[in-house]
Amino acid sequence: MAPLPRERVNIERPFARTGVDFCGPILIRSGIRRVVSVKCYIAVFVCFVTRAVHLELVNGLTSDAFLAALTRFMARRGHCSHIYSDNGTNFVGSNKVLYSYFKKTKGQRTVEEELSHHHVQWHFIPPSAPHFGGLWEAAVKSTKKHLLKINTMGLLTFEEMSTMLCRVEAVLNSRPISPMSDDPSDFTALTPGHFLVGGVLTLPAEPDGTGIPLNRLKRLELVRVQAQTFWKRWSSEYLPQLHKRGCWLSKKDNIEVGSLAILKEDNLPPMKWIMVRVTQVHPGSDGMVRVVTVRNSAGREFQRPTAKLAVLPHAKDEEEPV
């Protein structure tokens, strides 16, 4: 595996270097009396350094629609010096192809010409090499899979879907990345939201409405329930990605005392992560640790199996043996 590109490891302002991709289509509600479904798309912007995600709803695949979404993105996240993407020949479905919105049309400038006036440099990855854009492809995977599932719960209007994407964006940017410090009394984890707002992203406390029939929900409540459903589906898949699930583990893979971990609990509200510190390990007869004693932020200690913990990666985990 090649080392990370220089653009991924240099310290810069969030979204100064950005990858962009499209996902969709998704159906939205159009009209008041005669309701028809209209196709829309989602522009996914990913920061190269912080891996923060920004979602924009786009009403079409034209260059004008994309430039409008890019203008909204830069107005809220700041000016981008470099933007990376593929060559714009996929993303529209299994059997359809997205025509290149960078192609010049009559009486209209291309995206590259428009951005050159704003001193933005556009980079294309090699053709037929989607693995070169794995950073934004992973963000699309996190967004698209569950959004398409919850989109069947009820069609939303353009404004409601924009609100929904803002909530989904906050959920994705609340994911823990690494411990803030090695202090055993510190239960905070670094998230992409820290780079965007300087702290943890939160939402007001809301009742869980996932068990209420859809025909009993108002329009705003429908948006809230869909966001809660997205959280439950996405968080249940994100935690196993942090958990080491090797078939044959060695003793060096055991959980160590002082590690900061996410405790897996059911029925948590959106953007709520239970952080615990490992205080004791209980190895078995073979030397492998399968049960640990943890302490939460309230100071309470209790035992949990390691299968219920997702240990956050630490800098020393990436060190190569000498």
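The model is predicted, so to speak of local features a pLDDT of at least 70 is needed, side-chain atom pairs count only at pLDDT 80 or more, and totals for chains, interfaces and linings use all residues. Residues are numbered from 1 along each chain as its sequence is written, and side-chain values use heavy atoms, with hydrogens and water left out.

The chain holds seven helices and 12 strands, taken as DSSP runs numbered from the N terminus (helices are H or I with at least four residues, strands are E with at least two). Out of 322 residues, 43% are buried; that label means under 20% relative accessible area with a 1.4 Å probe and protein chains only, while exposed means over 50% and partly exposed is in between. With a contact defined as heavy atoms within 4.5 Å, 60% of the contacts between residues at least 6 apart in sequence join residues at least 24 apart.

Turning to the rings, the whole structure has four aromatic pairs. Rings of Phe, Tyr and Trp (its six-membered ring) pair if their centres lie within 6.5 Å, and planes under 30 degrees apart are stacked, over 60 edge-to-face and the rest tilted. Phe15 and Phe73 sit edge-to-face, at 5.3 Å centre to centre and 85° between the planes. Phe15 lies in the loop between helix H1 (6–9) and strand S1 (17–30) and Phe73 in helix H2 (residues 63–77), so this pair ties together parts 58 residues apart in sequence. Phe45 and Phe73, by contrast, are stacked, with 4.1 Å between centres and 5° between planes. Phe15, Phe45 and Phe73 make up one aromatic cluster. Phe15 is buried, Phe45 is buried at 1% relative accessibility, and Phe73 is buried at 0%.

As for charges, there are five salt bridges, each being a side-chain nitrogen of Lys or Arg within 4 Å of a carboxyl oxygen of Asp or Glu. One of them joins Glu56 to Arg76, with the closest N and O atoms 1.9 Å apart. Glu56 belongs to strand S3 (residues 53–58) and Arg76 to helix H2, 20 residues away. Glu56 is buried at 5% relative accessible area, and shared partners join Glu56, Arg72 and Arg76 into one network. Arg17 and Glu12 also meet, at 2.7 Å from N to O; Arg17 is buried at 17%, whereas Glu12 is partly exposed at 28%.
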